[in-house]
Each structure stands twice: as C-alpha cells, then as structure tokens.
Amino acid sequence: MSASLFNGLPALIVSDVARRGAAVREALVEQELDYLVVTKPVNIRWLCGFNGSNGTLLIGVDGIRLITDSRYDQQAHTQLAAAGVEAEIEIAPNGVAGLVARHVGGGATVGLEADHVTWNVAAEYERCLGAVTVVATSGLIETLRQHKDPGERSRLERASAIADRALLATIPLFAERPTEQQFGAALDHAMRQGGADDVSFETIVASGPNGALPHHRPGSRVIEADDLVVIDFGAKVDGYGSDMTRTFVAGGNPSVEQQRLYDAVAAAQAAGVAAVRDGADQRSIDTTCRDVLGQFGLAEAFIHGTGHGLGLEIHEQPILSARSVGILTAGLIVTVEPGAYLPGFGGVRVEDTVVVTNTGCVPITHCPKGLDPAAVARANLSEDASHGQHDHE
C-alpha cells in the first residue's frame, strides 16, 4: 500500500465540549427538570470527554458531577481537563444512586435516560431519592448531538477520507479472487494503517447472491469476477465513525441486468442527495429515493430506510425513512443510501455521507462510483472530491 495515498488528510479541529453542558441545562429548563442522570456512555463522552466503561454523569443547574470507580480516577481527570470541562469527579465503588441522592435537594425533579436505564436501576433511584420526583426522559441529549460542531465534523471528514483511500488501496485485491472475509480484513487493515483508530462497524462485504442481504457478514465465499459486490464500511477517528457503501462487479464487466440494477440505485441515490437541504422534510428524502426506484419497477426491492445521522454512534438521529418526522437543518450530517435487493441474484447499495447546508449539501465521502473497480481505482480522488455532489452546496 502506498503511504502517499493517505497524505493530506483533513485537519482535526478542537471541539468545544465545554459548551455542551450549558446546552443540556437549557434543555432541562425547557423540560422542567432540575437534574439529569446520564448513564449512556456515548452521551457521557459527548458531554465531558470521558470514555471509561463505568461512569454516571449528574448534570443540573449547579454544574456537572462525574461518578466513576477507582480504575478511572486518573483517566477521568485527564480527559475532562483535555476537554476543558469543569466538573466534580467522585469515586464510588458502588451505590451510585445513593451518591446521587446526596447531591439532589428535596423536591427536585430528576430525569433518567429511559432508553438506557434498566427497570431495576430505575427502581433503585426511586428508592434512594425518596421524595425526589424521578421521571423518564428520551432523546434529550441525542437531540442535541444531531448538530455537529466544527471539531466533530473534522473527525468525520478525516474518518471518511481514510475510508475513501483504504477502499482504493484494497480494490486491486479483486484480481486475486479473495473470499469476502479476506477482502473485508484487508480493507479493515488498510483503514487502520491509514490512521483510523478502529472501524466504525463490522465491515460488510456481500458478493453474488449474498448481496441481497443488506447486513450480510463476510464469509468464506470466493468473490468471482462476475459477482456484484456490496461493500459497506467506515473508519473511526477519535470516536467518530464514517459510513460509505460502494457496489462493484469484481471483474469490471457487468451484465445487462447488473448494470440496470446499478443504474436504478445510482439514480435514486443522486436524487436523494439532490433533495437534501436545510428545510427539507426528512421523510421526503426517503420518498424521493423510493419514487425513482419505483420508476424502474424496484420499489419493493428497497427494504430499509434511506439514511441516518452519524457521529459517536454509527446510527444517530435523524433517521431518514418513511416514518421520519422532522425537518433537516443546516449542520446536520446524514447518509443517503438507497438499495435494491433481489434474492438469488444479488443487490446494489450506494451510500454517501453529506453535510446539510442552506442551499443543499456537501459530501464528505468522495470515493468515485461505478461498477468497474479498476476504473474507480484509477480515478483521481482529489478531482472527484471537488466536483459532482459539491454542486449541491
């Protein structure tokens, strides 16, 4: 692999983590809460920079308090200082609910993250907090996490750039007739060599009839020259994971049926990307893609949602599907990934990640598209990154 392929990656910008606590406190006032007990690890990381496996964050009008155990004492102080977050750090081997109760005044209303707290833990908080009112909250912090600050965007841009280059570096392996597992492992290795901390999720390499399974796990099947191959993957940088899908015919010579299927999905994806802009109804992006596939007689072959937000989690709000409720706003980062899946034949999915702008969107995934992998590998990545979907900016 050429090291020069990974030169010129986007620079990382410092995220303003310290401001996030104030945004949460404003949301607490709106929801008539005095405190929020944060137990979901990614929400804790987003709020204060701490990424240990054991942590509880108590946030209220009087500030932020991180409760963890002695294993993470030094790490907690280091990570919160690096994030510029002022918070009290308490070490508690057990009995977190009881410790929270000591800091919450009588008559207060305390929110728990209903989507993360178990029934038993909720009951323990109610018992320990006594006269304090305990209420369930859902999506409070996740809603705030939707809009990415410049630091978060820079991490997603770097992760996407690493993934772009890793795929280009791995494409020549098709000539060696690898198995799905071998190709996936080589792609994962290329992303790590290129600077990724990890992969965003288990890489999908689905060849031939396996391509009809949207979440197929790479197996021992040998990728043959006439196979359609769906590759869905991403790199992770400082906790932020990218997401992109490309579909190829391994040998570069698609059949008429393969080309027709690809052209339909590519047209749907281009239409979906063109529909993304500030003020667009989230559901309309999904509808746009489905309408195009319907024109090709493939409406029933599109069996999942059109896209999603991403960040510290690979699937975040907003979700772009037929059930979506909400409006896209500038600064959101979402995927657009229609697909068509024909059992026994295979499938096609094309996916890009884009930043919503006032007049359209800007892509942060730039790997060229096309069924011929050799032609894609020869394409000039920098030229592709400055044309095409940038026209929607």
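Q: To start, how many helices and strands does the protein have?
A: The predicted model has 12 helices and 19 strands, and its C-alpha atoms fill a box of roughly 70 × 40 × 35 Å along the principal axes.

Q: What share of the contacts joins residues at least 24 apart?
A: If you take contacts between residues at least 6 apart in sequence, 67% of them join residues at least 24 apart.

Q: Changing topic, how many aromatic pairs are there?
A: The count comes to 3 aromatic pairs. One of the pairs is formed by Phe50 and Tyr72, with ring centres 5.7 Å apart and planes at 85°, so this pair is edge-to-face.

Q: Where do Phe50 and Tyr72 sit in the chain?
A: Phe50 lies in the loop between helix H2 (41–48) and strand S2 (56–60), whereas Tyr72 lies in the loop between strand S3 (63–68) and helix H3 (73–83), and the pair links distant parts of the chain, 22 residues apart.

Q: Why does Phe50 count as buried?
A: Phe50 counts as buried because its relative accessibility is 1%, which is under the 20% cut-off. Tyr72, at 13% relative accessibility, also counts as buried.

Q: What about Phe174 and Phe183, how are their rings arranged?
A: They form a stacked aromatic pair, with 4.6 Å from centre to centre and 20° between the planes. Phe174 and Phe183 are both buried, and together with Phe248 they form one aromatic cluster.

Q: Which ring does the charged end of Arg290 sit over?
A: The charged end of Arg290 sits over the ring of Phe302, at 4.0 Å from the centre of that ring.

Q: Which residues does Ala268 touch?
A: Leaving out residues up to four places away in sequence, Ala268 touches Cys289, Val292, Leu293 and Pro338. Pro338 is 70 residues from Ala268 along the chain, yet their C-alpha atoms are separated by 6.8 Å.

Note on methods
Residues numbered from 1 in each chain as written. Predicted model: local features only at pLDDT ≥ 70, side-chain atom pairs only at ≥ 80, totals over all residues. Heavy atoms only, no water. Phe/Tyr/Trp six-rings, centres within 6.5 Å; stacked < 30°, edge-to-face > 60°. Helix = DSSP H or I, 4+ residues; strand = E, 2+ residues; numbered from the N terminus. Buried < 20%, exposed > 50% of the residue type's maximum accessible area, 1.4 Å probe, protein only. Lys NZ or Arg CZ within 6 Å of the ring centre and 35° of its normal. Contact = heavy atoms within 4.5 Å.
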